[in-house]
Each structure stands twice: as structure tokens, then as C-alpha cells.
Amino acid sequence: MAVKEDVQENIREPLMPIENILDREDGGAGDQANNKKVNPCMVYFSTLIAVCGSYAFGSCAGYSSPTQSAIREDIALSLAEYSVFGSILTFGAMIGAITSGPIADYIGRKGAMRVSSVFCVAGWLAIYFAEVHIFLSSINIFLLATGYGMGVFSYVVPVFIAEIAPKNLRGALTTANQVRIIPCAILFLGLFFIPESPRWLAKTGKEKEFEAALQKLRGKDADITHEAAEIQDYIETLERLPKAGMLDLFQRRYLRSVTIGVGLMVFQQFGGINGICFYTSTIFESAGFSSSVGTIIYAILQVVVTGLNTIVIDRAGRKPLLLVSATGLVLGCLLVGVSFFLKDHELGLESVPALAVTGILVIHARYPLSLFI
């Protein structure tokens, strides 16, 4: 019983001693002088390479939207067959999401991203060179493989960025994962030039590689002694804690945290963002608006909102941004619903395109606010 009480007491203790936290908040002269020597160039470069993995997610999710009519005409797909074609990558993504954690822990964050980039590159090359008569079967298989890479990327990329970034840049750089403008092939090559996550190296006991990676990320003139010791203390504290199993999540003391975490993920997906993304062009056309113009406006807005999000995420706080995101989702869905209600009843037809486009753009604009909070 005494051992069990000691373990429970250790769990209740903070992972970082209070005096260390207060010292960091006071910002002593030594820390300020060291911060001036920190060179974030490698952090920025590593982040740039890592967010290339998000291209797979964006291109997969948006691939079926502008090509729907052309693909259905070329290979004579029924609506049901095209629906399978448009959504099959989500099955691969589910498998990738389930296996991403063990893969990232076993072969490292860079190793997991390499595996994902191979799946994505191979999948897109196979789709590009597929013959028409085997198009449907082959593209479904390779979309499944590309979806697998997408699922792994969706976990590994934000984790990698969060682990390599200093605290003052962590929120902004993690949010930059939403800017999906660089091919995943660059990711595969770029991974040879960036260091592994120092926290993963420390966790696996690779001391020399851990210090070398941290030094490379912070700059050759930076003093990493304090940060290295802090990471080591954190890893050692985690190692001393009892190993948690799946059933432990159902304990009463974790009920609130698990409910909030899982609830946010579930309701984020139940908002319908994937369905809207898959059929954005069709929605624009049904509302009487140019699909090409609408898609361009949507892409530009996504980049702008993501840029603004990197600025405000660490200043405004997570909860206010979640509230703004949820409000935007409700407002956007309401506008889209009203627009098609008016169209079906032939009321105010001249306002239907404006309402539908505004609703879709509001839904897409609020999404980056909730994705990595």
C-alpha cells in the first residue's frame, strides 16, 4: 500500500519543479543573454521541410473536388462509384493514424515521415501513370496508400514541430503546418538535411545524438545546457511514472480530460469539413458560382487565415480560438443551408451564390483555428 501511495503522490506532482518554472518566468539575465545567441534558422528550416508532409493531406483531400466531372466522364463512373473513389483515402488515413504513434516511437519522427513520403510519392506516381482500363482499381489502391501516408503525417508532423521548436515559437510553427504549398517529394529529400527530434533521441537513450541535434537546432553559439537538462529531467520523470494502459483512460480522474480531448477531435470531424472539402467545386456549381474562381478564393483565404493564426495563437489563447472556430462553423453551415433552402423554394435566387460562397469560405477559414489547438 505504501508503494501505491508513493506512486499516486508522484503522479500528482508537477513534471517540472515549481522553482524551475518560477526561475524561467522571472527570465534571469543569464537566460536573456543565452536567448540572444540562439539561432532559430535550423528550426525554421526543419519546420519548412516538415510541413511539406501536409501537402499530401491537402492534395488528397482536395483532389476529387475539381476533377469530379472529368473523372466521371473519362471512366464512366456512377455517383456511387465516384463516392467510393472520393472517400477511400480516409480508410487509409484511419490505418495510418492508428499506426503512426508506434512507428514514430520506434523509428523516430524523421523515419516516420520518410515512410509516409514514400507512400505518398509512390501513390501519386502510380495514379499519374495508371492506364485508363485499369484506372479505377489501381487508383483506389494507391489512393488508399496515399491516405495511409496522410494519416501518419497528420500525427507526426505537428509532434515533430512541437518537439523541435522553442517555447516562444511552438504555437506559431505548429500552426504553420496548415500552409500546404510544397510537394511531399521535397520532404523526402529535405529530411536528409534536418536533425531528428531531440526529445525522441533523449527518450531512446541516444545522448550524443540528442545533444548534437539540440545544438544544431539552437545554433552553434547557443548554450543548450539548461534546456538539455530540462528535457532530460522531463524524460526521466516520465520514465518513473507507471506505464499507462488503454483501460486507464476510463478511470474517473481522467474522465474530464479524455472527454474534452476526444470530444474536440470527434466534433471537429463531425463538422463535415472533409465532405465539404471533397465537394467544394460541386457546391459552388450547384449554387450558381464559378467553381474555379471559388476554389482559388478558398486557397488564398486558407493561406491568409493560417498566417494570421500563427500570430494570434500564442497571444489569444486556445479556448477563445476554439470558441471563434465553433461560432464560424455554425455560421458557415447556416449560410450554406439557407442558400440552398432559398434555391429549392425559388426565393431570392440572386442572393443564393453569395450566401453559399460566403458560408463555404467561413467554414474553411475557421478550420485552421481548431486544427492544432
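By about how many helical turns are D105 and R109 separated in helix α7? They are four residues apart in that helix, and about one helical turn separates them. The model under discussion is a predicted one. It holds four salt bridges and two aromatic pairs.

**Salt bridges**

- D105 and R109 are joined through their side chains by a salt bridge, at 3.2 Å from N to O.
- D105 is partly exposed, its relative accessible area being 34%, whereas R109 is buried at 5% relative accessibility.
- D105 also forms a salt bridge with K203, in which the closest N and O atoms are 3.7 Å apart. Because K203 belongs to helix α11 (residues 198-203) and D105 to helix α7, this pair ties together parts 98 residues apart in sequence.
- K203 counts as partly exposed, with 43% relative accessibility.
- R109 meets E163 in a further salt bridge, at 2.8 Å from N to O. This pair links distant parts of the chain, with R109 in helix α7 and E163 in helix α8, 54 residues apart.
- Both R109 and E163 are buried.
- A network of salt bridges links D105, R109, E163 and K203.

**Aromatic rings**

- One of the two aromatic pairs consists of F119 and Y148, whose ring centres are 4.9 Å apart; the planes stand at 50 degrees, so the pair is tilted.
- F119 is in helix α7 (residues 79-129) and Y148 in helix α8 (residues 135-164), so the pair ties together parts 29 residues apart in sequence.
- Y148 is buried, with a relative accessible area of 13%, while F119 is partly exposed at 33%.
- R114 places its charged end over the ring of F192, 4.7 Å from the ring centre.
- The charged end of R199 likewise sits over a ring, that of Y234, at 5.6 Å from the centre.

**Nonpolar surface patch**

- I296, I300, V304, L308, I311 and V312 make up a nonpolar patch on the surface, and their accessible area together is about 540 Å².
- V312 lies in helix α17 (residues 291-316) and is partly exposed, with a relative accessible area of 33%.

- Helix α13 (residues 225-240) has 16 residues and spans 23 Å from its first C-alpha to its last, close to the expected 22 Å.
- The buried residues of α13 are A228, E230, I231, Q232, I235 and T237.
- Helix α14 (residues 255-270) also has 16 residues and reaches 21 Å between its first and last C-alpha, close to the expected 22 Å.

Terms used: Residues numbered from 1 in each chain as written. Predicted model: local features only at pLDDT ≥ 70, side-chain atom pairs only at ≥ 80, totals over all residues. Heavy atoms only, no water. Phe/Tyr/Trp six-rings, centres within 6.5 Å; stacked < 30°, edge-to-face > 60°. Helix = DSSP H or I, 4+ residues; strand = E, 2+ residues; numbered from the N terminus. Buried < 20%, exposed > 50% of the residue type's maximum accessible area, 1.4 Å probe, protein only. Lys NZ or Arg CZ within 6 Å of the ring centre and 35° of its normal. Patch = residues over 30% accessible without salt bridge, like charges linked within 9 Å, V, L, I, M, F, W, Y side chains within 5 Å. Areas by Shrake-Rupley, 256 points an atom, 1.4 Å probe, with all protein chains shown as cover. Expected span 1.5 Å × (residues − 1).
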